[in-house]
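Morning, everyone. Please look at the model on the screen while I talk.

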Amino acid sequence: MNEKIADIDLSPVYQLIDKHKGQRWALIPLLQEVQKQLGYIPPQAIEPIAEGLGLFPSEVQGVISFYTQLYTTPRGRNVVRVCRGTACHVRGGKTILKLVKRYLDIEEGETTPDLEYTLETVACIGVCALAPNMVINNDTYGQLNPKKVTRILSSRAGGVRG
Ligand code: FES
């Protein structure tokens with residue numbers, strides 16, 4: 001067995017399965033709870049969840065793929081979302097994204113190896129007047145420019161790491 005897989009403690013998953021044995025309708029809340037407890041849904045949890053609830057693994061996988069808020073890979077403690085909406089795009093959003101990628105050394109959809117950051121883009125975060133924008137967890141940063149982005153990221157890294 002892959003050592004990494006063996007290392008993951010799936011006991012919270014089995015407890016949740018026991019709680020919802022045979023309850024096919026409980027799939028989404030169960031997946032949400034697994035994600036809440038483990039930070040993501042480990043792919044090796046899919047089969048036991050399917051079996052416990054009386055579903056096919058492909059049905060569980062289908063639900064996970066459908067809901068963009070469910071993840072099968074670990075996510076960073078800080079989720080950086082750079083806006084790629086029109087207002088942000090015309091005011092330099094592309095440059096901001098490039099800069100964040102370079103700073104974190106990851107591409108869109110990736111997580112840093114230390115699990116500190118995940119980088120995503122969003123269609124619009126609803127504060128177009130302040131474009132270009134990005135959000136880190138629940139904090140929104142507007143009127144970005146390269147200097148400001150570097151300052152924000154370095155201060156957050158400092159705050160989180162140390
Ligand atoms: S387009 Fe970026 S906040 Fe609306």
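Domain bounds here come from an automatic or database domain assignment. For this protein chain, that assignment gives domain 1 (3-66) and domain 2 (78-161). The centres of domain 1 and domain 2, taken over C-alpha atoms, are 31 Å apart.

Some ground rules. This is a predicted model: local features need pLDDT of at least 70, side-chain atom pairs count only at pLDDT 80 or more, and totals for chains, interfaces and linings use all residues. Residues are numbered from 1 along each chain as its sequence is written. Helices (H or I, at least four residues) and strands (E, at least two) are DSSP runs, numbered from the N terminus.

Now the backbone. Most residues other than glycine have a negative phi, and most peptide bonds are trans. Keep that in mind.

Which peptide bond is cis? The one from alanine 131 to proline 132, with omega near -5 degrees. Proline 132 sits in the loop between β2 (117-122) and β3 (134-136).

Next, positive phi. Leucine 115 is not a glycine, yet its phi is near 60 degrees. Find leucine 115 in the loop between α7 (93-104) and β2. Glutamine 143 is not a glycine either, and its phi is positive, about 45 degrees. Glutamine 143 lies in the loop between β4 (139-141) and α8 (146-161).

Buried or exposed? We count other C-beta atoms, placed from the backbone, within 10 Å of a residue's own: 20 or more is buried, 12 or fewer is exposed, in between is partly exposed. Leucine 115 has 13, so leucine 115 is partly exposed. Glutamine 143 has 12, so glutamine 143 counts as exposed.
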